[in-house]
Amino acid sequence: MSLAGRPLLLEARGVAFRFGGDVVLEGVDLALREGERLAVLGPNGGGKTTLVRLLLGLLSPARGEIVWHRPRAWRRLAYVPQFPAFERGFPLRVDEMVLQGRLRDRPPLARYTAADRQQVETLLAALDLADVRQAYLSELSGGQLKRALVARALVAEPNLLVLDEPAASLDESSRRALWRLTAALPEATTVLVVTHDLAPQTFAPSRAVLVDTHLEELPVGDLHAHPAVCGHGHG
């Protein structure tokens with residue numbers, strides 16, 4: 001099935017957002033289909049993260065609307081923000097935090113199963129976190145914490161996975177592991193990756209947009225070399 005034939009997941013229609021007197025986004029139209037792999041590119045401060053937060057309902061548009069085409073009960077959303085917004089001093093171990101991703105849509109006081117724990121162990125190993133599985137979050141480096149948050153998102157088996165600058169603070173080995181896991185997600189999973197730089201052999205989008213106050217569709221054929229989004233050198 002082509003992307004054009006896939007069901008709509010959500011739409012942004014004429015969306016605008018302002019922060020104080022500053023225009024962050026203006027006249028944004030975006031339709032996201034089930035199973036898409038969408039890259040949201042653009043310069044720092046161009047409105048990429050704001051657009052994501054609007055799509056997820058974490059912000060409200062000043063004008064326009066966000067329309068979901070799937071009922072709330074269907075939605076399993078996982079969001080890894082660029083900057084974690086929680087207290088790192090909270091006494092929580094890595095494997096405990098990742099396990100929390102398995103509790104979605106379960107009744108209160110539900111217990112973890114052996115399958116839950118095995119899935120967590122598999123992801124921790126894939127993201128090179130097995131050696132720190134019992135460490136407290138406060139003991140992690142920035143890159144380790146980012147990988148742990150990605151693990152918690154993936155273990156939830158989301159219908160929509162949103163990653164905001166997921167490779168920031170990761171070394172090359174961790175980046176490769178992240179993109180392997182992303183590529184292996186079920187075909188029906190919609191993946192939205194926000195980045196200011198899409199180097200070759202990383203995330204393989206089926207579609208890409210440039211966000212810099214306005215939104216522009218980009219060709220995906222040679223995306224990494226596009227002068228408006230490339231943040232690395234070429235020979």
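1. **What you're looking at.** This is a predicted model, so to speak of a local feature we need pLDDT of at least 70, side-chain atom pairs count only at pLDDT 80 or more, and totals for chains, interfaces and linings use all residues. Residues are numbered from 1 along each chain as its sequence is written, and side-chain values use heavy atoms, with hydrogens and water left out.

2. **The overall layout.** The protein chain has five helices and nine strands; helices (H or I, at least four residues) and strands (E, at least two) are DSSP runs, numbered from the N terminus. Reading from the N terminus, the order is β-β-β-α-β-β-α-α-α-β-α-β-β-β. Of the contacts with a separation of 6 or more, 71% are between residues 24 or more positions apart, where contact means heavy atoms within 4.5 Å.

3. Of the 235 residues in the protein chain, 44% are buried. Here buried means under 20% relative accessible area, exposed over 50%, and partly exposed in between, with a 1.4 Å probe and protein chains only. The chain exposes about 11,900 Å², and carbon and sulfur atoms supply 52% of that; the areas come from the Shrake-Rupley method with a 1.4 Å probe, and for residues only the protein chains shown count as cover.

4. **The three-stranded sheet.** Look for an open, antiparallel sheet in the order β2-β1-β4. Two strands pair if DSSP finds at least two bridges between them. The edge strands, β2 (22–33) and β4 (63–68), each pair on one side only. From one strand to the next, the twist averages 15 degrees. Strand β1 (residues 8–19) is joined to β2 by eight bridges, and Phe 19 sits opposite Asp 22 in β2.

5. **The helix on that sheet.** Helix α1 (residues 48–55) packs on the sheet and touches β1, β2 and β4, with its direction at about 55 degrees to that of β2. Axes are lines fitted to C-alpha atoms, for helices over the stretch in contact, and angles run from 0 to 180 degrees between N-to-C directions. Six of the eight residues of α1 are buried, including Leu 51, Val 52 and Leu 54. Just after α1, Gly 57 has a positive phi of about 80 degrees.

6. Ala 16 is in strand β1, and it counts as buried because its relative accessibility is 0%. Beyond its neighbours within four places in sequence, Ala 16 is in contact with residues including Leu 25, Gly 27 and Pro 61.

7. **Around β8.** Thr 213 lies in the turn of the hairpin of β8 and β9, with one residue between the strands, and has a positive phi of about 75 degrees. Five bridges join β8 to β9 (residues 214–218) in antiparallel fashion, with Val 211 opposite Leu 215. Strand β3 (residues 37–41) runs parallel to β8, with four bridges, and Ala 39 stands opposite Ala 208. Five of the six residues of β8 (residues 207–212) are buried.
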